[in-house]
Structure formats: C-alpha cells, structure tokens
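Have a look at the model below. We'll take a short tour of a few spots in it.

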Amino acid sequence: MRILLISATYTPDPGGVATHLADLAHGLVHRKHEVDVVTLNKDDTERRDGYGRLMIWKRPRRQVHEFDGRRVFCESILRFIFDYWHEIKPDLVHVHDLDSFFLGCMAKIAFGKPLVMTVHRAPSPWRADRFREVPKDCFMEAGKLSQMLNGIVVPSEASRTVLREQGFGANGDGPEIKVIPHGISPFLKSVADEPTLLEELQLREGCSIILCPSRADEHKDVETFIEAAAQVKFAEPDRDIVFLLSSHGDDPRHEKLRSRAREIGLTEGQDIIFRNFLYKEMATIYRLANVCVVPSRHESFGLTVLESFLFNVPVVAANTSALREIIANRKNGLLFTDGDPSDLASQIRRVLRDSELRETLREGGRVSLQETGSYSSAAMVQAHEHFYGRILTA
C-alpha cells in the first residue's frame, strides 16, 4: 500500500513526534510499502528527499504562519498536496499532529481516501471559548462532530482514556481508537558523537550526569527535577554531579527555571546546565548520561524512555499517565511519586549508589526493546500495517 504521512516536524528535529514519524516511515518502507512524507524544512527552501519507496517532501518554513501563538500549516501546503496528489496517489492519509488534521480533512473531502490520525498529546477538555485560546483543539472537536476520521491511533491506554472522556468512542460509535505503543529503531545509536558539543559543555572527568531531556512545558514538571537536583547535590557532597536539562531558551518558563535553580543553590555551568540540544546531539548526551529523569505530570507516551533504553541509561520516571505503562518499577526503571522532589531525589540516589540495581534496570530496558518486547520498532510498524489494512478493507 502507499501511505501519505503529514506532520509539521520530521527528523532531524528533536522530539517524540519527529522521531516516531521517522521510525514509522522507514519501518513501513522496510515492509515493502511506499511512503510519502509532507513536512517542513528547517529553512525557507523547498526540497525533495528520499530514495526508492520513501519520498520526503519538505516545504519552506516561510509557508507556515503563526495564529494565536499556534503554528499551523497554511494554504500553500494544502495546495501542494492537491497539485501533487496525482503523483503521490496514496491509499490512505495519516496525519501526525493536530496542526495537520485539517489538511487531512481537505484531502479526504477532495479525494475520498481514508483518514487516520495519531494523537500524540490529547487535547484539553472542550469549552465554548476554546477556539480563541487553543485553536488546534477545535480540529479535534470538528473531527468528533464531523466523523471525518476513519481511525485514531494513540500510543497508550492513558491517552485512549482521555479521548473517551472527551467523547471519542465513549458509546462505541465513531472511529476506532487503536492503542499502538511507540517503538524505536536503533538509528539514533549509530549517530557519532559531536566533539564541538563535548567541548562546549566542558564536563568534568568522572562526574555523574543526570539528564532531564524535557522541555519547560507545564505538564513536563521540570520544576520538580530542579528541586530534586538541589536535594541530591547537598545529600551527596562527595560525589561530583552535573544535572543536564534540555531546555529551549525561547520557552516562556525558561528564565523562571534558571532563577529558581540559582535560588536553591545550583550554580549554572557547574551544577546544572541548561541547553537546547539538536537531534544529532542527543546520541552524545545519552552516552554521557548516568541517569535519565522523566518528571512529566502527563505523557501520552514518553519516547525519551525508549531512547534511554536504547543507550542503556537507567530511567527514573513519574508514576503517572503513560509512563507507568512503560516502566515496570524496579525492573526496567524506577517510578517516583508524581510532583514529589524528595522522592525523586531518593530514587536518583538509589541508582547512583547501587551498581546491581543499575544493571538490572539496563537489562530490563534492553529486553523491552527486543523484537519480542512490547516496545520494539518492528512490533509498532506491524501494528500500524494491520490497522491500515483493516481500514482499507472495511
């Protein structure tokens, strides 16, 4: 079959959506399907990349506009899909973010092909004034009311529960909501170290690196990580520890986090480093890390957990939402009480002190990514393949 994937982000952008989309696209091609990806380029140029059964159509970034603080595809990208439809001729359209949803709807109206959507982050509860505050949520409400979707994919039972609470498939009607956990390919592990990054970070030899690969979004709860970092530092005065936070400088909460770190005694550049890491730099960061912390209050999945498994980094994650579906406590990771910095600090210290526990967690992560594991890339791709097939033959 031939699948058209639409997303605002695609590797080499960092983040769960971009990484997942690349793994899915390459996995489908490996299974002998044809895949076209329509996405944004990093600059204002138009490019057409790909080989064999995979074609990546990169649209200029200038063709994306801001609306009420939310990035959406603009009319020119919709026109591109219409102009090249005769060349792509997909059997099914699969959109991968809420911004792309309306493009899929227009393609379905025009060409009648089945439409599937992956919800990587469940929208907030619907309200009458939601359009003014968060326009992208309106596309989900429109999808529920218009019945445009033939299928919805979510990466966890937690996400399916949220959608059902908001009226999707709550009474057995509407599109099927299929749970397909993310998998991860070994590609990132093959990316070479970035020597310029190592030079820039100037990490001390022999120090322990505690990584938090989270943005400063409210639901990521990076505040708890920073509070725990200070507790670990003062509880382990003889251990050289550096806390590494992947944070974007343009995040509205960024400066507040840095200010709080200073208030509680964390010296920037020495105890804690704030850095916006590029995708190609993440392999280097995971190789450096001794512990990876995922403090999110809500995650639809948490691909950083699988990335940590891939690099044999022990994981400490919040006992909430999809994270507790991935982490089997004390088997492939440790869970801490959501929002409790003292508990998080205690779990980080356990990993640093207990070599036997570290190896148990590493082995558990490796097992989770094996071909027979719950989170293998092959299992994820085959589940999508079967779901597409059911929709096309319905």
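## Ground rules

This is a predicted model, where local features need pLDDT of at least 70, side-chain atom pairs count only at pLDDT 80 or more, and totals for chains, interfaces and linings use all residues. Residues are numbered from 1 along each chain as its sequence is written, and side-chain values use heavy atoms, with hydrogens and water left out.

## Helix H1

Let's start with H1, which covers residues 16-30 (helices are DSSP runs of H or I with at least four residues, numbered from the N terminus). Its 15 residues reach 21 Å from first C-alpha to last, close to the 21 Å expected at 1.5 Å a residue (that is, 1.5 Å times one less than the number of residues).

H1 is largely enclosed by the rest of the structure, because 11 of its 15 residues are buried (under 20% relative accessible area, with a 1.4 Å probe and protein chains only). Among them are Ala18, His20, Asp23 and Val29. Just after H1, Lys32 takes a positive phi of about 80°.

Phe111 lies in helix H3 and is partly exposed, at 32% relative accessible area (partly exposed means between the buried limit and the exposed one, over 50%).

## Ser377

Now find Ser377, in helix H15 (residues 377-393). Is Ser377 buried or exposed? Ser377 is buried, with a relative accessible area of 16%. Leaving aside residues up to four places away in sequence, Ser377 touches Gly183, Ile184 and Ser185 (contact means heavy atoms within 4.5 Å).

Technical notes. Helices (H or I, at least four residues) and strands (E, at least two) are DSSP runs, numbered from the N terminus.
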